[in-house]
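Take a moment to look over the sequence and the model below before reading on. The text then goes through the parts in order.

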Amino acid sequence: MASLVIENVKKRYGETEILKGINISIEPGEFLILVGPSGCGKSTLMNSIAGLEDVSEGRILIGDKDVTFSSPKDRDIAMVFQSYALYPNMTVAANISFGLEMRKVPKEEREAEVQRVADMLQIGHLLKRKPAQLSGGQRQRVAMGRALARRPKMYLFDEPLSNLDAKLRVEMRTEIKKLHQKLGTTIVYVTHDQIEAMTLADRIAVMKDGEVQQLGTPQEIYDNPTNLFVAGFMGSPAMNFVPAKVVEQNGAYALELQATKPTVLPFPDQESLKSYLGKEVLLGLRPEMITEPQPHKEGANFVVKADIDVEVTEPMGADTMVLTRISGAEVNCRSNPAYPAKAGETIPMMFDTSKAVAFDPANGQRIDG
Amino acid sequence: MSNVAKRQTSGLDKVLRVALYVCLLGMATVYLAPFIVMLLTSLKDVEEIRSGTLLSLPSSLDFSAWSKAWNGACTGSQCEGMAPYFFNSFKIVIPAVAISTLLGALNGYVISHWKFKGSDLFFAALLVGCFIPFQVILLPMARTLGWLGIANTTTGLVMVHVVYGVAFTTLFFRNFYQSIPVELVKAARLDGAGFFTIFYRIILPVSTPIIVVTVIWQFTQIWNDFLFGVAFSGFDTQPVTVALNNLVNTSFGGKEYNVDMAAAIIAALPTLLVYVLAGKYFVRGLTAGAVKG
């Protein structure tokens with residue numbers, strides 16, 4: 001277990017800057033997820049932490065020890081790769097014990113360690129096989145076993161689940177979470193899957209274009225995104241962005257938008273809208289905050305009923321997604337499947353703006369006090 | 001209707017298939033004819049060669065030409081047959097193939113998995129080596145061997161073949177190693193393995209197909225080489241190809257075609273044997289990089 005501090009890390013290839021000054025620091029035992037679209041620099045950052053790539057500027061500390069210039073083997077970390085990277089010529093047992101062998105651990109101890117890891121991951125019956133004789137999920141387990149065997153200070157996972165089929169991915173996700181809870185080790189995990197990020201992380205770093213857009217707990221990121229990119233990236237379906245005009249109503253700032261009829265929605269963060277009076281902002285509202293009218297919420301603060309024109313409905317089983325157009329923007333609403341929304345009809349929906357956020361349309365930044 | 005059509009096409013198929021086999025057989029005969037003539041001629045005595053045609057069968061199996069070619073025929077002033085030169089060739093080929101293959105494997109490993117600044121340029125420069133004609137380097141190489149004090153020695157010839165072969169072997173290994181995922185090397189580095197440990201424990205064990213290809217290629221090239229052999233060998237370090245040339249060109253009295261032919265077959269036997277034993281790996285290895293493994 002070790003803490004990880006990344007201080008102003010920059011990485012350049014010739015003229016192009018891949019990492020533009022990354023600052024992240026996590027406590028021992030934390031599960032950090034680096035998430036972002038491809039090309040955002042998350043894998044480069046991961047390789048820099050591992051020591052597989054040099055950084056151009058900045059410092060990396062693992063457990064208070066400056067490892068910026070240490071070689072990978074001296075950093076005491078283990079990594080699980082997307083392609084698993086199992087040694088094809090070795091048996092599963094040899095794969096798991098290779099790292100120990102390189103560190104000159106005596107044979108008996110190695111065998112005991114292989115047994116311990118195999119029991120933990122339930123791969124005991126596979127130990128004598130070669131990687132080619134394993135299924136994708138089994139390879140994934142062996143790759144994790146190889147990382148676990150060395151008991152390193154920190155684990156790095158580089159998109160470990162993206163080569164698995166959907167069902168197995170969910171299973172392994174749960175298993176990784178269990179494993180983290182059991183071992184309590186520091187983990188840095190790269191993914192482009194925002195659901196993986198939400199479910200696994202203690203903290204998430206959302207990256208784009210070589211910069212950390214936001215670092216926070218999953219709930220912080222979900223509820224209080226700092227800009228349009230983070231808001232749009234996390235959550236599925238994505239947050240709705242609706243152009244709205246800041247108006248004054250009954251002595252409070254509110255947002256006016258065009259559903260079937262012009263509608264005014266109250267807004268929780270009054271301070272922030274002060275300087276935007278009369279101007280246009282982007283209202284950020286999650287799909288689950290626009291629902292069928294729910295009697296128990298009737299009359300609550302920040303709840304408004306308004307008619308919408310249904311364009312498309314997408315039943316998903318647990319919910320039905322209702323697509324409409326508000327102020328010209330496409331908007332997703334999450335309704336109860338029993339609610340009779342039909343394409344082409346106009347129906348009332350309930351807007352709950354208690355968790356609504358607003359963005360400046362000019363620079364995409366969150367508007368806050 | 002459709003049944004009739006099917007029967008018609010299958011009839012046509014049969015005809016085409018027969019035509020294909022006839023064609024293939026014809027080509028095979030054309031390619032094999034010289035070898036058959038050599039074999040037949042080597043088994044006849046001189047009198048029979050003179051009286052019969054090229055393709056006529058020998059009246060009796062007579063191996064005396066073979067034994068003469070092996071240890072009695074004159075190659076210049078020596079009359080010891082091909083045997084000593086045959087072994088000379090092995091003394092050159094075995095170390096040259098081993099060293100150039102090993103160097104090629106190491107080079108390929110570095111160029112594909114330990115890229116350094118300018119490694120691509122280095123590889124491009126090395127590739128040029130594949131296109132340099134033998135004749136061009138004869139003089140500079142002769143000077144170099146002289147400076148190094150290994151002119152006319154087996155060591156010198158081995159060195160020439162290694163230097164000339166490394167460009168090809170590097171190319172082979174580099175292309176093969178390019179298909180090995182970089183993560184494999186990364187994982188091994190994180191596991192604490194160093195440059196040579198990774199090479200020896202992870203990379204070499206999966207290299208069998210390309211090692212076979214390289215060994216066959218280098219063996220054939222070096223065994224069949226005549227120019228370097230004739231230019232850089234000493235009197236007693238001549239390879240078998242040079243000896244064959246001398247044997248054929250040396251004649252006291254009548255030309256002994258049967259001995260010439262037997263000697264030529266002896267000189268070609270090792271490469272033939274290598275192909276027969278490892279030929280299928282050669283094709284497999286050459287196409288290994290083409291398909292995702």
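What follows is a walk through a predicted model, from whole chains down to single strands and residues.

Start with chain A as a whole. Its C-alpha atoms fill a box of roughly 75 × 45 × 35 Å along the principal axes. The chain contains 9 helices and 20 strands. Of its 369 residues, 42% count as buried. Contacts between residues that lie at least 6 apart in the sequence can be sorted by how far apart they are, and in chain A 67% of them join residues at least 24 apart.

How is chain A divided into domains? The assignment gives domain 1, covering residues 4-233, and domain 2, covering residues 242-359. The centres of these two domains of chain A are 40 Å apart, taken over C-alpha atoms. Where they touch, domain 1 of chain A supplies 6 residues and domain 2 of chain A supplies 4. The domain 1 side of this contact in chain A is made of 3 nonpolar, 2 polar and 1 charged residues. A database record can be set beside this division. In an unreviewed entry, UniProt lists residues 4-234 of chain A as "domain: ABC transporter". That span of chain A is 37% helix and 26% strand, and its end C-alpha atoms lie 24 Å apart.

Now go to the start of that region, where strands pair up. Strands of a sheet pair through backbone hydrogen bonds, and the pairing is either parallel or antiparallel. Strand β1 of chain A, residues 4-13, runs antiparallel to strand β2 of chain A, residues 16-26, with 8 bridges between them. The hairpin formed by β1(A) and β2(A) has 2 residues between the strands, and in it A:G14 takes a positive phi near 60°. Strand β1 of chain A is also joined by 5 bridges to strand β4, residues 57-62 of chain A, again in the antiparallel sense. Here A:L4 has A:I62 in β4(A) as its bridge partner.

Helix α1 of chain A, residues 42-50, is next. Is this helix mostly covered or mostly uncovered? It is mostly covered, with 8 of its 9 residues buried. Among the buried residues of α1(A) are A:K42, A:M46, A:I49 and A:A50. Just after α1(A), A:G51 takes a positive phi of about 90°.

Leaving aside neighbours within four places in sequence, A:L156 is in contact with A:M46, A:I49, A:A50, A:I77, A:M79 and A:V188. Which residues touch the most other members of the largest nonpolar core? In this core of 149 residues, they are A:L32, A:I33, A:L34, A:M79, A:L156, A:V188 and A:L283. The element that gives the most to the core is helix α7 of chain B, residues 154-177, with 12 residues. A second, separate core has 18 residues, including B:A73, B:V259, B:A263 and B:A267.

The two chains also meet directly. In this contact, 17 residues of chain A touch 13 residues of chain B. On the chain A side, the elements that give two or more residues are β6 (77-80) and α2 (92-102) of chain A. By class, this side of chain A has 12 nonpolar, 3 polar and 2 charged residues.

Chain B has its own division, into domain 1 (2-62) and domain 2 (83-288). The centres of these domains of chain B are 35 Å apart, taken over C-alpha atoms. Domain 1 of chain B puts 8 residues in contact with 8 residues of domain 2 of chain B. On the domain 1 side, α1 (2-42) and α2 (46-51) of chain B each supply at least two residues. The largest share of that side, 4 residues, comes from α1(B).

Finally, return to chain A for an open sheet of 5 strands. The order is β15-β19-β16-β17-β18 (chain A), and the pairing is antiparallel. Strands β15 (290-291) and β18 (329-335) of chain A stand at the edges with a single partner strand each, so one side of each has no neighbour in the sheet. Inside the order, β16 (residues 303-315) and β19 (residues 346-352) of chain A pair over 7 bridges. In that pairing, A:A306 has A:M349 in β19(A) as its bridge partner.

Definitions and conventions. Residues are numbered from 1 along each chain as its sequence is written. Chains are lettered from A and ligands numbered from 1 in the order in which they are written. This is a predicted model: local features need pLDDT of at least 70, side-chain atom pairs count only at pLDDT 80 or more; totals for chains, interfaces and linings use all residues. Domain bounds come from an automatic or database domain assignment. Two residues are in contact if their C-beta atoms, placed from the backbone, lie within 7 Å. Ala, Val, Leu, Ile, Met, Phe, Trp, Tyr, Cys and Pro count as nonpolar, Asp, Glu, Lys and Arg as charged, and the others, Gly among them, as polar. UniProt positions are given in the numbering used here, feature names are shortened, and annotations may be inferred rather than shown by experiment. A residue is buried if 20 or more other C-beta atoms lie within 10 Å of its own, exposed if 12 or fewer, and partly exposed in between; C-beta atoms are placed from the backbone. A nonpolar core is a set of buried Ala, Val, Leu, Ile, Met, Phe, Trp, Tyr and Cys residues joined through C-beta atoms within 7 Å. Two strands pair if DSSP finds at least two bridges between them.
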